[in-house]
Amino acid sequence: MDLSIFLIQVLNSVQYGLLLFLVASGLTLIFGIMGVINLAHGSFYMLGAYAAFTLSSLTGNLFSAIAIGIVLAVVFGYLLEWIFFNFLYQRDHLQQVLLTYGLILVFEDLRSIVVGDDVHGVPVPAALSASIPLGSTMSYPVYNLFISAACLVVAVLLFVLLRRTRLGMMIRAGASNREMVRSLGIDIHLLFRVVFAIGVALAAFAGMVSAPASSVYPGMGNQVLIICFVVVVIGGIGSVPGALVAALLVGFIDTFGKVFLPDYSGMLVYLLMAVILIWRPEGLFRESAV
Amino acid sequence: MSAARRALPLIALAALAVLPALAGKFYVELVAKIMIMAVFAMSLDLLVGVTGLVSLGHAAFFGLASYVPVLAAPDKYSATSLWTSLPLAVAASALLALAIGSLALRTRGVYFIMVTLAFSQMVYFVFHDTKIAGGSDGTYLYVKPVASIGSWTPLDLGNATHFYYAMLALLVLTFAVLRLLLASRFGHALRGIRSNEQRMRALGFNTYAYKLAAFTIAGAIAGLAGYFAAVQFGFVNPEMVSWHQSANVLLMVILGGLGNLFGAIVGAFALVLAQDFFSSLTKHWLVLMGGFVILVVMLLPGGLVGVERAWLHWRRRRG
């Protein structure tokens with residue numbers, strides 16, 4: 001394998017891994033703090049991608065589409081927690097699976113009614129449409145670098161939020177002991193709602209920022225959801241650092257698997273999960289703080 | 001009331017037995033399909049309702065077995081024998097369940113849900129990405145398996161009425177066997193694991209082995225259902241293994257009510273008929289289906305079998 005191809009694959013791996021991290025970190029936070037398994041989380045990624053498509057064709061500018069989209073995602077997440085998820089805390093995992101699966105069906109069909117079932121593309125913004133030449137024949141699109149950079153910035157912001165702010169302290173405390181946080185007089189319901197809104201916004205942002213690089217198509221959320229479950233299982237449920245390590249690991253294995261073993265690449269990440277389960281059934285970062 | 005309740009399953013069984021004489025071919029085929037799904041749902045109920053293991057990957061075993069009548073045939077125009085390909089299908093599903101279960105059962109709770117989902121997705125990719133049986137396009141089962149003993153053919157699987165009664169027999173048999181299993185020491189141990197695994201371990205039960213046995217049996221029965229589903233549809237594709245299939249059968253079990261096998265059968269009928277009804281109304285029936293599921297969760301925590309209790313509870317609160 002020549003060096004420029006190798007470099008391109010490394011960049012692709014990092015980009016895929018960081019995107020997965022944004023979706024999986026919301027999933028793991030929502031589970032860690034609220035105790036809810038959310039199958040509809042992949043739908044937020046899908047809705048984000050479609051929002052980028054619709055809003056960028058309305059405004060003509062991807063960046064303003066993303067800005068509007070984030071605000072919409074936060075409001076949407078806040079309302080969704082208030083109407084549906086609020087109701088699941090007292091229920092067992094089975095009911096959570098059922099209700100969130102029902103939400104997937106509703107979201108997919110509403111998407112089909114509003115936008116249709118066609119595959120769409122989102123134009124790459126003109127400022128980022130160039131390619132960087134690598135070697136004599138290869139090149140790497142600037143926009144893909146922008147995706148990685150944007151995800152990296154968001155990931156750093158998330159870590160700063162969790163580690164350095166009062167809200168982050170409450171979230172970490174909520175993940176390790178919900179009852180104690182409640183008895184210390186913190187409004188746990190408000191905390192849940194905020195965490196849920198953050199999770200939705202992270203997944204939607206991942207969907208929006210990746211839309212120009214990949215196409216926007218029905219069912220894209222489910223693909224991401226299941227891979228994110230793998231990420232969360234490998235990283236350890238409730239652990240954000242674990243999700244980061246696992247997401248990058250999955251990104252590399254999947255990308256390089258497609259190069260070396262194209263027929264079996266779909267299975268590789270699941271084999272990785274099987275190995276981790278044999279070795280450490282609780283995931284890599286078991287029971288560590290958020 | 002209680003006598004009527006006891007008689008209800010017998011009346012339902014009698015209705016199923018006379019249905020082919022009264023209804024057209026469409027309904028005979030529809031109900032045969034529902035009975036296959038009911039067998040599939042009962043196998044999952046053994047895990048979810050009885051043992052307390054929420055598996056979101058049960059379609060892996062259903063789907064693997066559905067490929068066997070296609071893969072076991074020497075070429076696509078010759079039939080397999082029911083007596084060899086069916087045991088092969090069940091054995092394949094049981095083995096896969098043993099393998100997946102031995103790993104997945106190292107985890108519990110929400111991990112178990114995600115891990116079973118992920119492993120079934122791995123099986124999905126085996127059929128989707130490789131060239132096995134048409135890859136992502138799937139393949140036709142041109143010739144149905146033959147059920148002959150010597151030169152005598154008691155059962156023609158291509159005949160809708162024959163197939164219907166075969167599936168009715170399968171449903172009753174599966175129900176009876178699972179009932180016996182639940183009444184045995186093994187069944188009581190599984191219920192014990194559901195209510196308190198720690199205590200069962202303290203009592204000296206190897207709970208891992210019990211759970212693995214339940215997982216394998218459930219996989220084998222799901223394989224039984226998958227095999228006949230492929231025979232009825234005459235077509236297999238990776239969708240048989242997809243996670244929508246797993247979620248669908250989980251919906252049936254939960255809709256019907258957990259842990260008593262009747263619920264699984266009721267749920268299979270309710271879900272397939274609801275899908276049929278909604279899809280006859282509009283192209284966008286999934287939104288209705290999703291809304292229906294959400295409403296059932298919010299209003300009926302005990303499933304459809306629990307309707308009576310919910311109604312009594314509501315009346316008591318009002319009066």
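In chain A, 76% of the contacts with a separation of 6 or more are between residues 24 or more positions apart, two residues being in contact if their C-beta atoms, placed from the backbone, lie within 7 Å. This is a predicted model, in which local features need pLDDT of at least 70 and side-chain atom pairs count only at pLDDT 80 or more, while totals for chains, interfaces and linings use all residues. Residues are numbered from 1 along each chain as its sequence is written, and chains are lettered from A and ligands numbered from 1 in the order in which they are written.

**Chain A as a whole**

- Chain A holds 11 helices and 2 strands; helices (H or I, at least four residues) and strands (E, at least two) are DSSP runs, numbered from the N terminus.
- Along the sequence, the elements of chain A follow the pattern α-α-α-α-β-β-α-α-α-α-α-α-α.
- The radius of gyration of chain A is 19 Å, which agrees with the value near 19 Å for a compact globule of 290 residues; this radius is taken over C-alpha atoms, and the globule rule is 2.2 Å times the number of residues to the power 0.38.
- The C-alpha trace of chain A spans about 65 × 50 × 35 Å along its principal axes.
- Buried residues account for 48% of the 290 residues of chain A; a residue is buried if 20 or more other C-beta atoms lie within 10 Å of its own, exposed if 12 or fewer, and partly exposed in between.

**A:Ser13**

- A:Ser13 lies in helix α1 (residues 3–34) of chain A.
- A:Ser13 counts as partly exposed because it has 19 C-beta neighbours inside 10 Å.
- Leaving aside residues up to four places away in sequence, A:Ser13 touches A:Gly251, A:Phe252, A:Thr255 and A:Phe256.
- From A:Ser13 to A:Gly185 there are 172 residues in sequence and 44 Å in space, C-alpha to C-alpha.

**Contact between chains A and B**

- Chain A contributes 34 residues to the contact, and chain B contributes 38 residues.
- On the side of chain A that touches chain B, at least two residues each come from α4 (93–114), α9 (220–235) and α11 (265–279) of chain A.
- α4(A) gives the most to this side, with 16 residues.
- By type, the residues on this side of chain A are 26 nonpolar, 5 polar and 3 charged; Ala, Val, Leu, Ile, Met, Phe, Trp, Tyr, Cys and Pro count as nonpolar, Asp, Glu, Lys and Arg as charged, and the others, Gly among them, as polar.

**Chain B as a whole**

- Chain B has 13 helices and 4 strands.
- With a radius of gyration of 20 Å, close to the 20 Å that the globule rule gives for 319 residues, chain B is as compact as a globular protein of that length.
- The C-alpha trace of chain B spans about 65 × 50 × 40 Å along its principal axes.
- Of the 319 residues in chain B, 45% are buried.
- Residues 24 or more positions apart make 76% of the contacts in chain B with a separation of 6 or more.

**Helix packing in chain B**

- Helix α3 (residues 59–71) of chain B packs against helix α5 (residues 110–129) of chain B at an angle of about 25°, with the axes 9 Å apart; axes are lines fitted to C-alpha atoms, for helices over the stretch in contact, and angles run from 0 to 180 degrees between N-to-C directions.
- α3(B) and α5(B) are therefore roughly parallel to each other, a term for angles under 35 degrees.
- From α3(B), the contact is made by B:Ala59, B:Ala60, B:Gly63, B:Leu64 and B:Tyr67, and from α5(B) by B:Phe119, B:Ser120, B:Val123 and B:Phe127.
- These contact residues comprise 7 nonpolar, 2 polar and no charged.

Note on methods:
Angles under 35 degrees count as roughly parallel, over 145 as roughly antiparallel, 65 to 115 as roughly perpendicular and the rest as oblique.
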